[in-house]
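Q: I would like to go through this structure step by step. Could you help me read it?

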Amino acid sequence: MFEQTVPKTLCVAAVASGLALYAIFGGYFAREIAIEIALLAMLAVSLDVIAGYGGMVSLCHGAIYGVGAYGFGAMTALGGHPASLSALVAVALAAAFGLMVGALTANTAGIFFIMATLAFGQMAYTLVFESRALGGDDGLAGIERFDASSVGIDLGDSLQFTLLVIAAMVLAYALCAQLLRASFGRTLVGIGANEERMRALGLTTWRHKALAFSFSAAVAGAAGVLAAQHTQYISPDYLVWTVSGEALVVVILGGLGTLAGPLLGAVVLVGLKHLVGGWTDHWHLFVGLFLIGAVMAGGRGLYGQLEHVLAGRRARREEGR
Amino acid sequence: MNKSTIAALAATLAAAASVGTALAETKVGLLLPKSGVYAALGDEIDQGFVLALEEAGMSDEIEIVREDTEVKPPVGLAKARKLVLQDEVDVIVGVVSSAVLGAMRDFVDGAEVPLIVANAGNVAATGADCSPYIVRVSFSNAQINRPMGTWMAEQGVEKVYTLAPDYAAGRQMIEAFTASFTAAGGEVVGSAFTPFGKTQDFGPYLAKARAASPDAVYVFYAGGEAISFVKQYDSFGLKENIPLYGSGFLTSPLYVEAQGSAATGVFGALHYVPTLDTPENEAFVETFRAKHERQPSEYAVQGYDAARVLLEAIGSGAEDRRSLAEALPKGSYTGPRGPLEIDPATNNVVQNIYVYETVAEGEGLTQRIVASVPAVRDEANGCAL
Amino acid sequence: MSGIDFWLTQLLNAMQLSMLLFLLSIGLTIIFGLMHFVNLAHGALYMLGAYVGVSTAGAFDNYWLALLGAPLAVMLVGIVLYALIIRRMRRAGPMNQVLVTFGLIFVLVDLVRLVWGDIALGMEGPASLEGTLEVLGVRYPAYRLFVIGVGLGVLAVLALVLARTELGAMIRAGVENDAMAACLGIDVERLFFVVFCVGCALAGLAGAIAAPVFSATPSMATDILIPTLIVVVIGGLGSLAGAFAGSLIVGFIQTFGAVVLPGLASILVYVLLALVLVARPEGLLPARR
């Protein structure tokens, strides 16, 4: 069951404040990195809800992220609609896509489920890539950001936009945590643990799974909207399956089924990429070795391992009493 | 010491300081792919750029900050922003991928930073999306292919089947060829676009091409796809009856050796060929070979010319972003690829296009120039500079 | 070129692509079916085989040596990987296996880039297989016919091994129920090791075979991964017949799709995959029902 424990809260707070401080004092490029981490963390958290808790490991979340980005881009740059309306439409579109995929894949499990989501993700990618109206691989430019001038915030300023994205990441985490604590979330965890049993208890599991997938997709789509606003240009690259792969890697690296772990995973992976990338063009080699090492050392992910150690200590303390 | 000595010293110091600022370095942001599918092209452009600086003895006066675009538009844009806002470069040089250029365009234009495009061939970049700050010294996708259409029709080729990868550059290249070929009286009897980056097996498309009974096949492929295509075209024995033509990237000196004998007899059009018989090119090839032990490709020349154009602008007195942006489009000189100038109407390069045939020579392959189309200039295409 | 010739050529094209996919997918499906190990790095081993093939053929100017050297070299790499990583990760669960093999892809691709550079490399086929042969009235590249031959040959050999040898019986038992097989005294650990090495060798062979037709690039590792995974899932895990059927289906759809429905060609395979997964999630011919 999901419980918002103190370590989890501390982890989220640490990551959020760390990113914010880095953005404020780190200079221009620091903000770019902070945004990259926050968006990836948001995507990874949405994935952990269904993968870590619901047992549905999706390899199409990158595509959903892209659907959100393109939905927003098409509405603003092509349709000329205001940013807030476009964002709502984009998130709804992502949620609808998630609902469809979740419903169609509800009867598959394990590696087959992963492949099915991959297939749908690739279909979305191909559709976007081949679509001349959406710019094809030339991409779509001229995307606007939210207009928050009425509350005195200028999102054209990189620092303010960065802080907005970090806030969005925390909000996404809070929403996911709330969902998991509620009865919907507890049912989801039950399905993830043993679907047959839940069905035996009279639950229409496929509907529940589809709705969970849809929620996860909405959060991922929202991250996509912010990504589109960040670069103000999007291309089909956002939907390539390696984006989904990266999101999954971040979740597993941070700790599958911990919700807070993915935030840490995002910090570590992006941080490592930029750190090593500063020394050599062949940074993939080192990141790969790190991943292999991290898995072989624990298997619970960085945060998961931390939680495990803390739980062990608590158990020992209680035993000693 | 007395007052006049102090005054003299102060004056000398002030003079020395002002001379120092006049000799201030120009900071260049070199934005190229160093990982990913275009890494080899990025390296070539970098090498050409550095070579030009060394040749002019300006290596010390130009400070280079390098960033990797990873051939990903969001990454390219983030790095461009870093170069401009954090490193405060005076000019950005590079950009291999048209998608990365598309992502950066609005930013560069808005921040008023000059950008010298050293590869990306997207037609709109010097067309509808042109900017007074963006100057291109490489080529536009249309510019390379238009002359081939006219030339092939003149050679008596009547029916052509076209093939290209299904993405923006592929489509632009074929569009340009088709327009000029049909205008010169030719007929395109069929065309196909292969899934970009995913097609390794061209067998099905080659069979379709053969079935259409054309006089010749015209294609655009580059990199690994070009190697696969040329070899497979040869393996099907198509060259005997249906000669192969294409935009020169098909048999670029950068990888033609990997194609081996399959590339002989293939015609291409490029803005630069290492066998160009001019004193400027001979000197360039010699210097390049001495340093890198291989023939330079068109990518090396693009980097080289980018540096030369920049040096000319600096030489004319420009030193900050605004003055560089004004001076760059005035660049014109005769370099390894021949006479080169920037068209003020589009900020695109005006250059010769060379039609060449790949032939065997000794142990390897070389390019035999069969025609030279001078001063090819793009239409404005919606650019209002 | 007459209508029949055209379709016959496309048929041969489809067979050639199918056989290449088969060589890759058979290794992956048996590894997955028997060891329950998700090896995303299989495509990277294929890439390694292609590069080793290029270098061997270039160094000794002999194609056949490359054909022998590549599978051997990749098998050696497989042995090292097994000892260092795979053995320990075997029981670690699919998520960790995904992560480890994902990391392995990064490592192998960058190692290849370090050793061989970023420019795509080409390889000459053997002189004896240059040019075209006449098959049923159609001129078709001799080398591609060779590829078809190799694929069918490997199918025959594997079918024989699985059906008629003790090793084959042990593999089939292990795929069906490895716990029971172990109870019956089969050294399952050693079996897995043998199967993994053979799978790697086949991936290396596929790479060396493909190198003269395509070119050797670092992106080979990920480009081929998805088609191979699709073959394995459509065909059904752990079975030779499934891998063969899946390869034929995917190869034919890709080839004829390109010919008949060019705009939709890239999406067709995914639609098929989605259909199969929704209708028959275990695949068409899985080893375990």
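Predicted model: local features only at pLDDT ≥ 70, side-chain atom pairs only at ≥ 80, totals over all residues.

Q: How many helices and strands does chain B have?
A: Chain B has twelve helices and 14 strands. Helices (H or I, at least four residues) and strands (E, at least two) are DSSP runs numbered from the N terminus.

Q: What share of chain B is buried?
A: Buried residues make up 60% of the 385 residues in chain B. A residue is buried if 20 or more other C-beta atoms lie within 10 Å of its own, exposed if 12 or fewer, and partly exposed in between, with C-beta atoms placed from the backbone.

Q: Which strand pairs with S1 of chain B, and in what sense?
A: Strand S1 (residues 26-32) of chain B pairs with strand S2 (residues 62-68) of chain B in the parallel sense, over seven bridges. Pairing requires that DSSP finds at least two bridges between the strands. Within this pair, B:Thr26 stands opposite B:Ile62 in S2(B).

Q: What unit do S1(B) and S2(B) make with helix H2 of chain B?
A: Together with helix H2 (residues 39-55) of chain B, they make a right-handed β-α-β unit. Right-handed is said of a crossover if, with the strands pointing away from the viewer, the path from the first strand over the helix to the second runs clockwise.

Q: How is chain B divided into domains?
A: Chain B has domain 1 (24-139 + 277-351) and domain 2 (142-270), with bounds that come from an automatic or database domain assignment. Their centres, taken over C-alpha atoms, are separated by 28 Å. The contact takes twelve residues from domain 1 of chain B and eleven residues from domain 2 of chain B. Two residues are in contact if their C-beta atoms, placed from the backbone, lie within 7 Å.

Q: Changing topic: why does A:Ser46 count as buried?
A: A:Ser46 counts as buried because it has 32 C-beta neighbours inside 10 Å. This residue lies in helix H2 (residues 28-53) of chain A. Not counting residues up to four places away in sequence, A:Ser46 touches several residues, including A:His61, A:Cys176 and A:Val219. The C-alpha atoms of A:Ser46 and A:Phe215 are separated by 8.2 Å, although these residues are 169 residues apart along the chain.

Q: And how many residues of chain C are in contact with chain A?
A: There are 32 residues of chain C in contact with 31 residues of chain A. H4(C) gives the most to the side of chain C that touches chain A, with 16 residues. That side divides into 26 nonpolar, three polar and three charged residues. Ala, Val, Leu, Ile, Met, Phe, Trp, Tyr, Cys and Pro count as nonpolar, Asp, Glu, Lys and Arg as charged, and the others, Gly among them, as polar.

Note on methods:
Residues numbered from 1 in each chain as written. Chains lettered and ligands numbered in written order.
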